[in-house]
Amino acid sequence: MISWIWTQIKKHRRKLVYGGVLIGGVYMAYRYAHKRIKEIQEKEASECLTHARRQHHFDSNQRTCNMTVLSMVPNLREILQQLFDTESITDTLKSNPSNKLELWEELKILSVTRMVCVVYACSIMSLLVRIQLNVIGGYIYLQNNNTSTHNSEKPEGAPGQTPVRVIPKPAQEKYLSEIKHFMDKGICQLGELIKSAVKKEISSISLKERLTFHNVESCLQHIRERLETSPEISNLSSPTLQLCPYMFPPENSVSAATQGTDEIHEGLMQETRDILESADFHIVLKTSLDRGFQKLLDLLAESYKTNLQSGDPNSSHNTEYLLGGIPMAKLIPIFNGSLYKLCSDAPNPLLQELLLLESAKTLAANVYEAFSQPTS
């Protein structure tokens, strides 16, 4: 029996060898395929987890952005009140001073300046906070993710981790405090620029002149053109580029004695300047300003409707009130009051519009994505 088996083996030796090789190859191929499928599944699961973790952190960061912007509204309102103090002029006018006409003219300029400045200040402030918190948010996510990766068990033969730029807590706080440049200096300088544009546009309008809603709308548009169009800047895709100096501190050199944290801080500052000077940022800023001025015009239209329809209840369902004129002297209180409507505490009608802008959300997502990815 044994000899017969041995004879059969020798007789079919080649077939058995080929069969063994084939079976072994199939087995090895199966093991390799199973290993690769497992690796792909693990990679997909890891990527899904990473994406979910990043999305959760991003969403949390956006809520922080919105809360931070809204918390800054009282401070912004106070700054604008002090910068364009129309209330003190109004109080002085109640005493019927000898320079009454001069004070009325000053009140006219300041009330329009303050109204316009509210829109610019809210638009810039909301975007600045969003940019800064998403730059820092991206870095923090990258640091935390890198730390958790290092703390977990590293698979044998896995490639080394890409070095991550660590932003110390003091550097984070110093960087985020740079919004003070805009709040302390930028608004004041921007306010002077706006005041100059307003003077050129409305100085010739007398207090008795009646202005229709469309007259006011045209004035605001011309003021914007003066502010957002500069002969020195020919970049038509970024007409608001000349507003950059008011937003963020100018570039400073880092001395050899102040390296380390200050070097990291200046790196963050330069990265932010690059974003603020980009075409994408200024497209979003222009969209924010468009939305802000539309909100302002909506409020003014309501005031026109209230003033001009008070004596004509039959016109409440048409838009004829937009064609009627109101003397400039009577429009000044309306312009003055816009600060308290557009810069009110929550719910703030203007900032709610600005924070919900899809273009602003997209910009925030792009900034966060850029700074939450490891550099190659």
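These are my notebook entries on a few features I looked up in this predicted model.

**Ground rules.** The model is predicted, so I took local features only at pLDDT of at least 70 and side-chain atom pairs only at pLDDT 80 or more, while totals for chains, interfaces and linings use all residues. Residues are numbered from 1 along each chain as its sequence is written, and side-chain values use heavy atoms, with hydrogens and water left out.

Entry 1: I started with H4, residues 86-93; helices here are DSSP runs of H or I with at least four residues, numbered from the N terminus. Which residues of H4 are buried? They are Thr86, Ile89 and Leu93, where buried means under 20% relative accessible area, exposed over 50%, and partly exposed in between (1.4 Å probe, protein chains only). They cover an arc of only 60° around the axis, which puts them on the same side of H4; the arc is that of the directions from the helix axis to the C-beta atoms.

Thr92, also in H4, is partly exposed, with a relative accessible area of 35%. Leaving out residues up to four places away in sequence, I found Thr92 touching Pro97 and Leu103 (contact means heavy atoms within 4.5 Å). Thr92 and Leu103 are 11 residues apart along the chain, and their C-alpha atoms are separated by 8.5 Å.

Asn96 is in the loop between H4 and helix H5 (100-151). Its phi is near 55°, a positive value in a residue other than glycine. Asn96 counts as exposed, at 51% relative accessibility.

**Entry 2: helix H6.** Next I checked H6, residues 169-176, whose buried residues are Ala171, Gln172 and Tyr175. They sit on the same side of H6, because their arc around the axis is only 100°. The face turned away from that buried side carries exposed Lys169, Pro170 and Glu173.

**Entry 3: the cavity.** How many cavities of 30 Å³ or more are there? I count one. For the record, a cavity is a set of points on a 1 Å grid over the protein atoms alone where a 1.4 Å probe fits but cannot get out, and lining residues have an atom within 4 Å of a point.

H5, helix H8 (213-228) and H12 each supply at least two lining residues, and H8 gives the most, with four. The lining divides into 10 nonpolar, no polar and no charged residues (Ala, Val, Leu, Ile, Met, Phe, Trp, Tyr, Cys and Pro count as nonpolar, Asp, Glu, Lys and Arg as charged, the others, Gly among them, as polar).

**Entry 4: aromatic rings.** I searched the whole structure and got five aromatic pairs. Rings of Phe, Tyr and Trp (its six-membered ring) pair if their centres lie within 6.5 Å; planes under 30 degrees apart count as stacked, over 60 as edge-to-face and the rest as tilted. Phe213 and Tyr304 are edge-to-face, because their centres are 6.0 Å apart and their planes at 85°. This pair links distant parts of the chain, with Phe213 in H8 and Tyr304 in helix H11 (residues 279-309), 91 residues apart. Phe213 is buried at 8% relative accessible area, and Tyr304 is buried at 1%. I also noted a cluster of Phe58, Tyr141 and Tyr368, linked by ring pairs.

**Entry 5: a cis bond.** The peptide bond from Ala346 to Pro347 is cis, with omega near 0°. Pro347 is in the loop between helix H12 (328-342) and helix H13 (349-355).

Terms used
1 Å grid on protein atoms, 1.4 Å probe; cavity = no way out; pocket = protein on both sides within 12 Å on 5 of 7 lines; lining within 4 Å. Points joined across faces, edges and corners; volume = space filled by probe spheres on them.
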